[in-house]
Amino acid sequence: MSSKRSIETTCIQGGWQPKNGEPRILPIYQSTTFKYSTSEQMGRLFDLEENGYFYTRLANPTNDTVAAKICEMEGGAAAMLTSSGQAANFYAVFNICEAGDHFICASTVYGGTSNLFTVTMKKMGVEVTLVDPDASEEEIEKEIRPNTKCIFGESIANPALVVLDFEKFARIAHRNGIPFIVDNTFATPINCRPFEWGADIVTHSTTKYMDGHAMTVGGCIVDSGNFDWDAHADKFPGLTTPDESYHGIIYTQKFGKAAYITKATAQVMRDLGSIQAPMNAFLLNIGLETLHLRVPRHCENALKVAEFLKSREDVAWVNYPGLKGDKYYDLAQKYMPNGTCGVISFGLKGGREAAAVFMDKLKLAAIVTHVADARTCVLHPASHTHRQLTDEQLVEAGVDPSMIRLSVGIENAEDIIEDIRQALEA
Ligand SMILES: *Cc1c(COP(=O)(O)O)cnc(C)c1O
C-alpha cells in the first residue's frame, strides 16, 4: 500500500522521472492542446480507448506528474489535481453523489466545505447530514439512509482542531458499503496517511502546507483504489454501469483501481473544468520538495507557542492537539504521533473584543485569510472565514466566537512568542 521509499525521498524524487536527455526539472506544459498524426488516433483518445492528452481542461502532463507525487506520498492508486481545495472536495463527493443522494459529514469541517455541502450542493439535490465527530459509533450510524453514498471528515478540522477518529468512521462507512473520504489538508501525508487507517479517498487543499508559501490556490484528490465499487454496484451506478457520454464504457470494468479518478477526470473535470493551471502545479511541486522539512518545524514551533499561551493568565483557553492535556491529544498520539499541524486556536479572557485588539497589535504575525504557510498569521474565524454562519452554527462547527486562529510559521519560535507577548501586554 504505502510506497517502499520514505516519504522524504518521495517529496524530492516523486513524480517527474526524466528519460535520457530530458529536462532535470518538471517542465511546465504551457499548452492548451496536444498534437496527433491521425484523426483516428485522436478519436480513440476521445473514446478513452487510448491514454493520452488532448485538451488541458481535462488533463495536463505537468498536473498529472505533480498528482502522481502526491499519490505516492499518500500511498494511493490514482490522483488528480484541481484548481482549489473547494473543487477537490466538491468533485470528490459529486463524483459518487447525484440529485436524490445523501451523505454524512463531520460538523467541524472547514467553513467553505460546510457551506458547499449544506447550501450549494443542497441546491443540486444532494443532501448532507452533519454529525458531531465525537458522537458514538451508534449515534453516527443512525444517520445512514438507503441513499447515503459516503462519509466525509477532516483529519484535523480547520479551525476547530478536532482530530478525527479514523477507525470509527471507517468502520461505519464500510459496514454500510460506502467509502470514507478524508480531507487531509492540515495533517499532510508527512504526519498522517489516512489510507493506513481505513480512509478510501483523500482530498487536499494544496493551497496550505503543500504549497506552503501562500503562492497558489490548488487542490488534489487521491484514491486508495481500495473501495470495491462493484461489490456495492447498486449504490454507485455512475461507476458500475455504462457511461452514455463515452459510448457505454463502464469505469470499474475498464479502469480497475483507477475507475474513480478516471471518472472524475473524464466526466466531472471535462464538464465543470476546475483544472489547475500547469504553472500553479509547477509551483506546487516546488513546495512539495520541502514539505518534509517544513511540516516538522511548523509543529515544533506551534507546540512552543501553545505551551506559552497555556502559561498566560490572560489566555482563557488553548486548543492544540499536540499539547498534553488537549481534548484530542490521545487521538493525535494514535493517528499522528510525529506531529499534528502548525495551527493553534485560542481565546482571550477578554473575549471577542480583546481578540480584535490583540490582533491589531501583532507585528510579526499578519492578519490574513490564510493558514498553513511559512509566515505566521492570524485570523478571527467568527468575523472572517466563518462569518456566514450563525452563532448556533459556529458552536456546531466548533468555533467559539472568541476564537483566534493562529497559524504558526517557520520563523524563529522565540521571535513568534515575543511578538505574541508584546501584543498581549500592549
Ligand atoms: C482551505 C481549506 C479548504 C479549501 O481549499 P481552497 O484551496 O481554499 O479552495 C478545504 N479544506 C480545508 C481543510 C482547508 O483548510
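Predicted model: local features only at pLDDT ≥ 70, side-chain atom pairs only at ≥ 80, totals over all residues.
In what order do the seven strands of the open sheet stand? The order is β1-β7-β6-β5-β4-β2-β3, and the pairing is mixed.

Strands of a sheet pair through backbone hydrogen bonds, either parallel or antiparallel. Here the edges are held by β1 (78-82) and β3 (127-131). Each has a single partner strand, so one side of each is left without a neighbour in the sheet. Neighbouring strands are turned by 20° against each other on average, direction ignored.

Helix α3 (residues 61-74) packs on this sheet. It touches β1, β6 (201-205) and β7 (219-223). The direction of α3 makes about 125° with that of β1.

Strand β2 (residues 102-106) and strand β4 (residues 148-154) run parallel. Three bridges join them. Cys 105 has Phe 152 in β4 as its bridge partner.

Follow the chain from β4 towards α7 (166-175). The loop between them holds Pro 159. A cis peptide bond joins Asn 158 to Pro 159, with omega about 0°.

Helix α7 itself contains Lys 168. Is Lys 168 buried or exposed? Its relative accessibility is 8%, so Lys 168 counts as buried, the cut-off for buried being under 20%. Leaving aside neighbours within four places in sequence, Lys 168 is in contact with Pro 133, Asp 134, Ala 135, Glu 137 and Ile 140. Gly 198 is 30 residues from Lys 168 along the chain. The C-alpha atoms of these two residues are separated by 9.3 Å.

Two backbone angles deserve a look. Thr 188 is not a glycine, yet has a positive phi of about 60°. Thr 188 is found in helix α8 (residues 188-191). With a relative accessible area of 0%, Thr 188 is buried. Ala 214 also has a positive phi, of about 55°, although it is not a glycine. Ala 214 sits in the loop between β6 and β7. Its setting is partly exposed, with a relative accessible area of 41%.

Helix α13 (residues 291-310) has 20 residues. From its first C-alpha to its last, α13 reaches 28 Å. That is close to the 28 Å expected at 1.5 Å a residue.

Which residues of α13 are buried? They are Leu 291, His 292, Arg 294, Val 295, His 298, Cys 299, Asn 301, Ala 302, Val 305, Ala 306, Phe 308 and Leu 309. An α-helix has 3.6 residues a turn, so residues three or four places apart point the same way.

How does α13 pack with another helix? Two packed helices are described by the angle between their axes and the distance between the axes. For α13 and helix α17 (residues 413-425), the angle is about 30° and the axes are 9 Å apart. That makes α13 roughly parallel to α17, because angles under 35 degrees count as roughly parallel. The crossing of α13 past α17 is right-handed.

Residues from both helices build this contact. From α13 come Asn 301, Lys 304, Val 305, Phe 308 and Leu 309. From α17 come Ala 413, Ile 416, Ile 417, Ile 420, Arg 421 and Leu 424. Among the α13 residues that meet α17, Asn 301, Val 305, Phe 308 and Leu 309 are listed as buried.

Definitions and conventions: Residues numbered from 1 in each chain as written. Heavy atoms only, no water. Helix = DSSP H or I, 4+ residues; strand = E, 2+ residues; numbered from the N terminus. Expected span 1.5 Å × (residues − 1). Buried < 20%, exposed > 50% of the residue type's maximum accessible area, 1.4 Å probe, protein only. Pairing = 2+ DSSP bridges. Axes fitted to C-alpha atoms, helices over the stretch in contact; angles between N-to-C directions. Contact = heavy atoms within 4.5 Å. Parallel < 35°, antiparallel > 145°, perpendicular 65-115°, else oblique. Left-handed = near helix turned anticlockwise from the far one by under 90°.
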